[in-house]
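Please keep the sequence and the 3D view open as you read.

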Amino acid sequence: MSKEVNPGQTTVTMAATMATAATSAEKPMEKKDEQSHPKGERKPTRRIDEKFKIFSGTANPDLADEVCHYLGLDRGQAFTQRFQDGEKYVQILENVRGADVFIVQPTCYPVDEHIIELLLFIDALKRASARRITPVIPYFGYARQDRKDKPRSPISSKLVADLLTTAGADRALVMDLHAPQLQGFFNIPVDHIFASPVLVDYFRKLALPSLTVVSPDAGGVERARFFAKKMDSALAIVDKRRVAMDVTEVMHVIGDVEGRTCVLLDDIIDTAGTLCKTAKALADNGASRVLACATHAVLSGPAIENIHNSVLEKVVVTNTIPLTESAKAEPKIEVRSIAGLLGSAIKSIHEETSVSKLFV
């Protein structure tokens, strides 16, 4: 290869993909390994299927490792590096011929870099004769660019879906799309799962009194209604008007929140400006406590500062996107893992069983 490599920007991800057989003679050894693992409470079962492989890009390898541990597999061997001119290189370091392969890669910041890396993974696996290639995209970047809102503008989410298909993806597994109808942009089967089982379970354990689930806008009413039904709680909506790009003005609260514990529910927290203004509107209308939860913690720009200075008591997010160090240090932010959900969905897809059992 004629490219010059920058050693400081080389990333190597190595792991054996094939699971070891768990025979009756090896059960004591398996138990010992399970107890010694830092996440032993997941009680993984080692699998014999040599044609079941999971790889990870560089976007969120920790989540991929959690998923692999849940399934009793080791992460696939892959090598990635960046050349000095900025180009990305991917190489699969093990045999995948005839295998059912999953690639865990949220397309989070830097979005374009992670999308290109995912496309290179898919192409490499296709040329290595993988039987089926399924990108697992916990966070789908460009999901909010799903229509032409101005003249001569692209529909970027459709373009990304086409790129994945053209690269060689056979199906896709995604979580909490910004708009469920984005599934129609794909010309391949899409399994769309939700983080609500994880979030509902968390808030049920808190047993919050006089609970009201609040949608921060009209577009999220269906999501909030579903959540409120599972929590057996009241529902409220915040009416808002967008006055500029990424800037909103909260108008008024629809529903009774006075003296109640409010949980704001959204799919994405970006700059957290809307979230914090909505929380203030709830407090101004007499809410006794205001918490928030969301699936995707994008947390760009002044998000951490906004959350820290807001009336929000706690913000619960999932690990579809890895948190920055500043986000991890913020005491108001709490992370719940969706590795079990993804692992169960991957297992169902591999075994050709129903994924709908994962819905709350």
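**A guided walk through the fold**

Ala272 is buried, with a relative accessible area of 4% (buried means under 20%, exposed over 50% and partly exposed in between, using a 1.4 Å probe and protein chains only). Before we go on, note that this is a predicted model, in which local features need pLDDT of at least 70 and side-chain atom pairs count only at pLDDT 80 or more, while totals for chains, interfaces and linings use all residues. Residues are numbered from 1 along each chain as its sequence is written, and side-chain values use heavy atoms, with hydrogens and water left out.

Ala272 sits in the loop between β12 (261-269) and α7 (273-284); helices (H or I, at least four residues) and strands (E, at least two) are DSSP runs, numbered from the N terminus. Although Ala272 is not a glycine, its phi is positive, at about 70°. Ser210, also not a glycine, has a positive phi of about 50°. You will find Ser210 in the loop between α5 (196-206) and β9 (211-215), where it is partly exposed, with a relative accessible area of 40%. Most residues other than glycine have a negative phi, and most peptide bonds are trans. The bond from Tyr109 to Pro110 is cis, with omega near -10°, and Pro110 lies in the loop between β5 (100-104) and α3 (111-127).

Now step back to the whole chain, which has 10 helices and 15 strands. Of its 360 residues, 50% count as buried. Among contacts (heavy atoms within 4.5 Å) between residues at least 6 apart in sequence, 68% join residues at least 24 apart.

How do α2 and α10 meet? The axes of α2 (residues 61-71) and α10 (residues 339-351) come within 8 Å and cross at roughly 60°; axes are lines fitted to C-alpha atoms, for helices over the stretch in contact, with angles running from 0 to 180 degrees between N-to-C directions. The two helices are therefore oblique to each other (under 35 degrees is roughly parallel, over 145 roughly antiparallel, 65 to 115 roughly perpendicular and the rest oblique). On the α2 side the contact includes Leu63, Val67 and Tyr70, and on the α10 side it includes Leu342 and Ile346.

Let's finish at Leu323, in the loop between β14 (314-318) and α9 (325-329). Leu323 counts as buried, at 15% relative accessibility. Setting aside residues up to four places away in sequence, Leu323 touches Ala297, Leu299, Lys328, Ile333 and Val335.
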